[in-house]
Amino acid sequence: MLRRFLTDEQEQVLLAERHQLAGLFQPLASLEARQEDLATLERALVQLDELFLLVIVGEFNSGKSAFINALLGQRILLEGVTPTTTQIHMLRYGEELGEVHLEADLAVLTCPIEWLRDINIVDTPGTNAIIQRHQQITEDFVPRADLVLFVTSADRPFSESERAFLQRIREWGKKVVVVVNKIDILETPADIERVVGFIESNSRELLGRLPMVFPVSARQARQAKETFDADARTRLWSTSRFEPLEQYILQTLDERERLKLKLLSPLGVAQRLTERYREAAQARRALLRGDVSTVGAIEADLGMYESEMRRDFKYHLSHIENVLYAMSERGNRFFDDTIRLTRVFDLVNTDRVRGMFEREVVADTSAQVEAQVRDLIDWLVDKDLHQWQQVMDYLNRRVTRQHENRMVGQVGGGFESNRRALLESVGRAAREVVATYDKDAEAKALADSVQMAVAQTALVEVGAIGLGALLIKLLAATMADVTGVLAAGAVAAVGLYVIPYKRRRAKNDLQVKIGDLRERLSTAISDQFERELARSLATIRDAVRPYTRFVEAQQATLAGTETALQSTDAGLRELAARIETL
Ligand SMILES: Nc1nc2c(ncn2[C@@H]2O[C@H](COP(=O)(O)OP(=O)(O)OP(=O)(O)O)[C@@H](O)[C@H]2O)c(=O)[nH]1
Ligand SMILES: [Mg+2]
């Protein structure tokens with residue numbers, strides 16, 4: 001890095017810094033950092049091993065190239081009134097003059113000047129030129145600087161674009177020295193002082209502290225170095241005011257000072273990146289927080305759906321049961337009315353009794369049960385559909401809201417596009433369910449399975465006869481039993497004693513039969529309902545699960561990344577303090 005050996009403490013700081021910088025790759029990668037930022041970090045690491053880099057920046061035509069030529073004492077770089085420097089020129093020590101192109105936009109010039117063994121000096125394309133690309137080349141190079149020399153021209157000190165540019169340099173944590181060039185065009189020393197004062201107060205405000213400001217005439221300085229006329233040389237050299245600046249660069253900036261700047265420079269870069277990606281992580285966290293609450297809301301909604309369904313199902317079931325209760329009431333009344341002495345002759349005619357029983361007791365029970373079951377099924381299907389709609393709404397709202405969060409879109413494109421794709425595909429699935437929901441088919445399928453369930457508990461072979469027909473079949477069996485009680489004995493003969501007994505027996509039998517039927521029906525329908533509810537919940541949860549899983553996984557990763565960034569941040573601060581004491 002530098003030509004002299006490092007002290008133990010310096011060596012340790014250097015090691016610690018390498019460690020911190022290298023540790024930043026992982027969290028940055030996990031936040032899908034921009035390629036440029038990763039490259040910048042990588043260069044910052046490499047830069048620790050490179051020679052001190054003094055980078056000259058400023059607007060086009062301010063005299064950056066002229067300044068370097070003056071420093072070198074020869075016109076090595078091209079100067080011109082139009083935008084002249086079109087790529088980065090790095091000046092290095094070399095036995096003889098030479099030029100090689102290392103990378104795109106970077107030319108290395110070698111020059112046999114002693115102090116270039118300690119400092120590499122860099123000329124950059126001017127900013128605020130009509131050629132946008134020049135500005136970009138220069139801005140991309142700024143993170144590599146160990147010290148930035150900002151050249152502004154005395155005829156237009158501090159333009160708006162210079163302010164903006166300086167601000168960006170500051171963000172990289174660079175130390176800045178300001179050069180006011182072309183003071184030869186100012187008429188009096190007082191004008192020079194005014195310009196310097198103006199620049200000092202503005203840059204203090206902009207950089208947060210007063211930078212060193214050197215007013216010079218690069219042109220006169222070079223002329224002084226080139227002329228053979230001793231008088232002219234003295235005069236030009238003094239009016240150029242170049243000496244303090246040259247002194248600063250070549251002497252004040254000694255090895256210790258350069259080492260400090262060298263160590264601080266990648267630190268500034270790392271701090272800037274850490275800060276940027278902590279913000280990115282924060283934005284991501286905020287987004288995930290919204291996702292978590294959406295997932296939570298969907299889950300809470302499903303929980304509510306489940307308990308409301310159970311509660312309301314009880315009402316529906318009671319309606320069905322009531323139909324059968326009503327039937328047994330009618331049965332009681334029927335037996336009270338029919339099984340009496342005065343009607344003994346009616347009772348003897350079994351067919352007639354059966355006909356009466358069918359008309360008065362059974363009546364339209366099966367149709368009523370069927371209607372109630374149909375109601376229940378419609379309700380079930382409606383609720384299921386409604387729940388899907390609910391989920392779809394939650395997801396839609398989330399998709400709409402995320403577009404408002406532009407910050408997240410800026411960094412971590414992969415995360416955001418994965419997330420959006422996922423959210424959209426889950427939303428699409430829900431939308432599709434809602435759009436293609438065939439209520440009739442769903443209801444039909446449910447009705448079939450209810451019927452099957454009842455048939456199974458009754459151990460009756462039914463095939464596809466329908467719930468009503470099935471009930472009639474079951475009731476007919478009941479009827480046969482009950483009316484059979486009446487037919488069995490010679491009612492007339494022992495009427496007086498037997499009739500009350502028969503009546504009680506018939507009523508009791510009917511209660512038992514209907515009770516049994518009700519029980520079977522309730523059990524079958526309840527089981528079916530539970531299965532249906534479980535299926536509905538499971539299907540919805542399955543549809544949302546990819547999103548839920550993504551959110552959970554991302555949260556876990558993010559927590560780790562945030563911790564890493566936080567500890568890097570602390571580590572960098574501590575290092576910065578240590579470097580100041582070197
Ligand atoms: N009067 C005066 N003119 C100068 C001085 N320094 C440079 N110039 C002139 O200003 C013009 C621009 O100088 P350059 O050194 O090419 O400026 P630059 O900042 O490198 O410009 P770009 O490479 O285009 O960004 C040239 O015509 C120089 O001769 C100076 O101290 N005084
Ligand atoms: Mg130039």
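A pocket here is an open set of points on a 1 Å grid over the protein atoms alone, with protein on both sides within 12 Å along at least five of seven lines. A volume is the space filled by probe spheres set on the points, which are joined across faces, edges and corners. By that account, the largest pocket holds about 840 Å³ of space. This is a predicted model, in which local features need pLDDT of at least 70, while totals for linings use all residues. Residues are numbered from 1 along each chain as its sequence is written.

**Largest pocket**
- Its lining (residues with an atom within 4 Å of a point) counts 29 residues.
- R170, G173, K174, K175 and R209 lie nearest the centre of the largest pocket.
- Helix 11 gives the largest share of the lining, 11 residues.
- Helix 6 (160-171), helix 11 and helix 19 (495-580) each supply at least two lining residues.
- By class, the lining has 14 charged (Asp, Glu, Lys, Arg), 10 nonpolar and five polar residues.

**Helix 3**
- Helices are DSSP runs (H or I, at least four residues), numbered from the N terminus.
- Helix 3 (residues 35-47) has 13 residues and should span 18 Å at 1.5 Å a residue, which agrees with its end C-alpha atoms, 18 Å apart.
- The expected span is 1.5 Å times one less than the number of residues.
- Buried (under 20% relative accessible area, 1.4 Å probe, protein chains only) are D37, L38, T40, L41, A44, L45 and Q47.
- These buried residues pack against helix 1 (8-23), helix 2 (25-30) and helix 11 (255-338).

**Confidence**
- pLDDT, the predictor's confidence in each residue from 0 to 100, averages 87 over the chain.
- Of the residues, 90% score at least 70.
- Residues 406-411 stay under 50.

Methods:
Chains are lettered from A and ligands numbered from 1 in the order in which they are written. This is a predicted model: local features need pLDDT of at least 70, side-chain atom pairs count only at pLDDT 80 or more; totals for chains, interfaces and linings use all residues. Side-chain values use heavy atoms; hydrogens and water are left out. Buried means under 20% relative accessible area, exposed over 50%, partly exposed in between (1.4 Å probe, protein chains only). Contact means heavy atoms within 4.5 Å. On a 1 Å grid over the protein atoms alone, a cavity is a set of points where a 1.4 Å probe fits but cannot get out, and a pocket is an open set with protein on both sides within 12 Å along at least five of seven lines; lining residues have an atom within 4 Å of a point.
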